[in-house]
Amino acid sequence: MQLSTAHHDERLTAPRSWWGIAVMTGLAGALMLLPLGTLPLLAGLVGGTALAGLVVSSYGSARVRVVNGALAAGEARIPVSALGEPEILDAEEARAWRTYKADPRAFMLMRSYVPTAVRIEVTDPADPTPYVYVSTREPQALVSALRAARAA
């Protein structure tokens, strides 16, 4: 069995503005604890910022990879042999597939701060998932990697 040389690796990181919001959350925590003194104020600043930063980091750390003949999107691992032809979605189409065109049975790795996406039909008859929706900043690179992995 030959392993595919097709490779794509992308991390969907949260926008910078979200990190600013995390710092502002820490400042709000500090202001709430201001009447209690300096030490609680610092604890609120550090604790609030760390907690908000942890939330932003965990949400923004989704990875999209094509490696060894499989699409790894978040926690899902799908062999490319079970996938159909990928379709690049521009910002308008991606929004449509996130909202009124969406199928609740579909697997969706969606990040609203990423405007473009790729939608891939699932061709495995034993899988009830109709398609995979993956937010990506590099849709052409992802589609190329999927096609190369399927050809290998």
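Which residues is Thr136 in contact with, leaving aside its neighbours within four places in sequence? The list is His8, Glu10, Leu12, Val114, Thr116, Ala117, Val118 and Leu142. Keep in mind, folks, that what we have here is a predicted model.

So where does Thr136 sit? You'll find Thr136 in the loop that runs between strand 8 (131-135) and helix 4 (139-151). Thr136 counts as buried because its relative accessibility is 0%, and the cut-off for that is under 20%. Its side chain also reaches the backbone nitrogen of Glu138, at 3.0 Å.

Now step back one residue. Ser135 is in strand 8, and with 0% relative accessibility Ser135 counts as buried too. A polar atom of the Ser135 side chain lies 2.9 Å from the backbone nitrogen of Arg111. Again setting aside neighbours within four places in sequence, Ser135 is in contact with Leu12, Val64, Leu109, Met110, Arg111, Val114, Thr116 and Ala117.

Okay, over to helix 2, residues 38-59.

Which residues of helix 2 are buried? Those are Gly44, Gly48, Ala52, Gly53 and Val56. They cover an arc of only 140° around the axis, so they end up on the same side of helix 2. What covers these buried residues includes helix 1 (16-33).

Note on methods: Residues numbered from 1 in each chain as written. Predicted model: local features only at pLDDT ≥ 70, side-chain atom pairs only at ≥ 80, totals over all residues. Heavy atoms only, no water. Helix = DSSP H or I, 4+ residues; strand = E, 2+ residues; numbered from the N terminus. Buried < 20%, exposed > 50% of the residue type's maximum accessible area, 1.4 Å probe, protein only. Polar contact = N/O pair within 3.5 Å; in protein donor to acceptor, adjacent residues only side chain to side chain. Contact = heavy atoms within 4.5 Å. Arc of directions from axis to C-beta.
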